[in-house]
Amino acid sequence: MCITKDVKSLKNPRSYHHFVVDSTKPGTVLCKELFDSPTVSINLLKCEDILPSVNDVPVEKVSVGLDPSRQWYLFDNIRELCKSESSKNSTCPKPVVPKSEVNVDETNEMPNHPTKRKGLLLR
């Protein structure tokens, strides 16, 4: 069972910049256009009398992360563009898999990347 059958979509979500969700008011979202704007209360439940079951929560998807060749690409080519050491370590940390065990294609600027732009943003 999918939770989307019980919930309406929020109309014009880009007009709001502040959202508050409270567990004591299920299905209700408090929205503000700006920090000091008045709060608008929006009920997203299609049927306000029936709350979705806790068992209807979507299954959590676990990310598999970047493949080792992509990690080495970021470490070798992008890390130098980060200004601080903390941003280097959080954005492009040294991969755990040794480079000798990974097939890294030096001719391909962005290995296994689906975009056709191949590094245009970095030139």
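**Core, hairpin and salt bridges of the predicted model**

The largest nonpolar core has 5 residues, namely Tyr16, Val29, Cys31, Ile42 and Leu44, where a nonpolar core is a set of buried Ala, Val, Leu, Ile, Met, Phe, Trp, Tyr and Cys residues joined through side-chain atoms within 4.5 Å. Here and below, buried means under 20% relative accessible area, exposed means over 50%, and partly exposed lies in between, with a 1.4 Å probe and protein chains only. The model is a predicted one, in which local features need pLDDT of at least 70 and side-chain atom pairs count only at pLDDT 80 or more, whereas totals for chains, interfaces and linings use all residues. Residues are numbered from 1 along each chain as its sequence is written, and side-chain values use heavy atoms, with hydrogens and water left out.

Tyr16, one of the core residues, touches Leu10, Lys11, Cys31, Lys32, Glu33, Val40 and Ile42, when residues up to four places away in sequence are not counted; contact means heavy atoms within 4.5 Å. Asn12 is found in the segment before strand 1 (18-21), and its phi is near 55°, a positive value in a residue other than glycine. Asn12 counts as exposed, because its relative accessibility is 52%. Strands (E, at least two residues) and helices (H or I, at least four) are DSSP runs, numbered from the N terminus.

Strand 1 runs antiparallel to strand 2 (residues 28-32), and 4 bridges join the two; strands are taken to pair if DSSP finds at least two bridges between them. Within this pairing, Val21 stands opposite Val29 in strand 2, and Val29 is also one of the residues of the largest nonpolar core. The two strands form a hairpin with 6 residues between them, and Gly27 in the turn has a positive phi of about 85°. Gly27, which is placed in the loop between strand 1 and strand 2, counts as partly exposed at 26% relative accessibility. Leaving aside neighbours within four places in sequence, Gly27 is in contact with Ile42, Asn43, Leu44 and Leu45, of which Ile42 and Leu44 are listed in the core. The C-alpha atoms of Gly27 and Lys46 are 9.2 Å apart in space, although the two residues are 19 residues apart in sequence.

Side chains of opposite charge can pair when their charged atoms come close. A search of the whole structure finds 3 salt bridges, each defined by a side-chain nitrogen of Lys or Arg within 4 Å of a carboxyl oxygen of Asp or Glu. One of them is formed by Asp76 and Lys99, whose closest N and O atoms are 2.5 Å apart. Asp76 lies in helix 1 (residues 68-78) and Lys99 in the segment after helix 2 (85-91), so the pair ties together parts that are 23 residues apart in sequence. Asp76 is partly exposed at 30% relative accessibility, and Lys99 is likewise partly exposed, with a relative accessible area of 33%.

Glu85 takes part in a salt bridge with Arg79 (3.9 Å, N to O) and in another with Lys88, for which the closest N and O atoms are 3.7 Å apart. Lys88 and Glu85 are separated by about one helical turn, because they are 3 residues apart in helix 2. Through shared partners, these salt bridges join Arg79, Glu85 and Lys88 into one network.
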